[in-house]
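Student: I have a new structure to read. Where do I begin?
Tutor: Take one feature at a time. Have the picture open first.

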Amino acid sequence: EENGVRFEVPMEGGQKTGWFYDHRMNRQRLQAYAPGKRVLDVFSYVGGWGIQAACAGATQVTCVDSSAGAIDSVHHNAKINGLDNIETIEGDAFDALKALCDEKEKFDIVVLDPPALIPRRRDQKAGEEAYARLNQLGLRLLGRDGLLVSASCSMHLSQEKLTDIIRGSGRKIDRFVQLLEQGHQAPDHPVVPGIPETDYIKSCFVRSLTGFL
Ligand SMILES: C[S@@+](CC[C@H](N)C(=O)[O-])C[C@H]1O[C@@H](n2cnc3c(N)ncnc32)[C@H](O)[C@@H]1O
């Protein structure tokens, strides 16, 4: 159970420990924004963000992940929480977001919680470009005054750089962005001063305004 919502997760054969505990407090933060909203949970795994948003009153949630097992778990977790408003897309997130853009779909909230897109220092440039492409697609899918939750678990991407990527992504597609909140890893994942890689989780809660510039 996390933030009052039940999940069944694959402890064996799942990803990480079976659950991505590090974003617990950021998922809790999302609950305040969710009531009455249409939510897109990208890189959803078993639905951690999306199912909690639905339980907090989101009207409809779409979860996107490339793992068939994770998508099966999204459906199961929706069922055990009595939810009938969860849809899923199994496939590559970049392709799925482009397809949703082509179909002119709009969401009130888009959550981007990708795997580390900069796994090694030498992937810095390609990784930053991938974060930029992803954030642009996410912003494109937001309706008026939408909320982008942009997360990163890459230790090679600083909070400042992520904020700058979001700013640049907004600028590129004519969106004015405001940083409402920033989240970090929960205290059960303490940062050890002197070991920079222990400080790795970021989440930016960003309001996207159109027709403002
Ligand atoms: C950091 S985990 C997401 C954790 C999840 N948001 C949560 O809160 O539990 C990254 C997820 O991205 C998925 N994934 C990796 N590459 C992908 C891709 N190209 N397209 C879609 N999903 C992908 C993995 O299957 C994994 O579930």
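**Charges, rings and a ligand**

Tutor: Start with a charge and a ring. The charged end of R29 sits over the ring of F205, 6.0 Å from its centre. R38 has a place of this kind too: R38 lies over the face of F107, 4.1 Å from the ring centre. Keep in mind that this is a predicted model.

Student: Now the overall plan. How many helices and strands does the protein have?

Tutor: There are six helices and seven strands. Along the sequence they follow the pattern α-β-α-β-α-β-α-β-α-β-α-β-β. The radius of gyration is 16 Å, close to the 17 Å that the globule rule gives for 213 residues, so the protein is as compact as a globular protein of that length.

Student: What does the C-alpha trace span along its principal axes?

Tutor: About 45 × 40 × 30 Å. As for burial, 49% of the 213 residues count as buried.

Student: Next, aromatic pairs. How is a pair of aromatic rings described?

Tutor: By the distance of the centres and the angle of the planes. This structure holds three aromatic pairs. One of them is F7 with W19. Their ring centres are 4.7 Å apart and their planes stand at 45 degrees, so the pair is tilted.

Student: Where in the chain do F7 and W19 lie?

Tutor: Both F7 and W19 are in the segment before α1, which covers residues 24-31. They are 12 residues apart, and the pair links distant parts of the chain.

Student: Are F7 and W19 buried or exposed?

Tutor: F7 is buried, and W19 is buried as well.

Student: What about F20 and Y45: how are their rings placed?

Tutor: The centres of the F20 and Y45 rings lie 5.1 Å apart. Their planes are at 85 degrees, so this pair is edge-to-face.

Student: Which residue just after α2 takes a positive phi?

Tutor: That is G57, with a phi of about 115 degrees.

Student: Let me look at α2 itself. How do I think about the sides of a helix?

Tutor: An α-helix has 3.6 residues a turn, so residues three or four places apart point the same way. Then check how the helix is covered. In α2, seven of the eight residues are buried. They are G48, W49, G50, I51, Q52, A53 and A54.

Student: And a strand? Where does T62 lie?

Tutor: T62 lies in strand β2, residues 60-65. T62 is buried, with a relative accessible area of 4%. The side chains of T62 and Q60 are joined by a polar contact of 3.0 Å.

Student: Last, the ligand. Which residues come nearest to the ligand?

Tutor: There are 16 residues around the ligand, and F43, D65, D92, A93 and D113 come nearest. D65 has a polar side-chain atom 2.7 Å from an oxygen atom of the ligand. D92 has a side-chain N or O atom 2.8 Å from a nitrogen atom of the ligand. For D113, a side-chain N or O atom is also 2.8 Å from a ligand nitrogen atom.

Student: How much of the ligand does the protein bury?

Tutor: Taken alone, the ligand exposes 600 Å², and the protein buries 88% of that.

Definitions and conventions: Residues are numbered from 1 along each chain as its sequence is written. This is a predicted model: local features need pLDDT of at least 70, side-chain atom pairs count only at pLDDT 80 or more; totals for chains, interfaces and linings use all residues. Side-chain values use heavy atoms; hydrogens and water are left out. Rings of Phe, Tyr and Trp (its six-membered ring) pair if their centres lie within 6.5 Å; planes under 30 degrees apart count as stacked, over 60 as edge-to-face and the rest as tilted. Helices (H or I, at least four residues) and strands (E, at least two) are DSSP runs, numbered from the N terminus. Buried means under 20% relative accessible area, exposed over 50%, partly exposed in between (1.4 Å probe, protein chains only). A charge sits over a ring if NZ of Lys or CZ of Arg is within 6 Å of the ring centre and within 35 degrees of the ring normal. A residue is near a molecule or strand if one of its heavy atoms lies within 4 Å of it. A polar contact is a pair of N or O atoms within 3.5 Å; within protein, one must be able to donate a hydrogen and the other to accept it, and residues adjacent in sequence count only if both atoms are side-chain atoms. Accessible areas come from the Shrake-Rupley method with a 1.4 Å probe; for residues, only the protein chains shown count as cover. The radius of gyration is taken over C-alpha atoms; the globule rule is 2.2 Å times the number of residues to the power 0.38.
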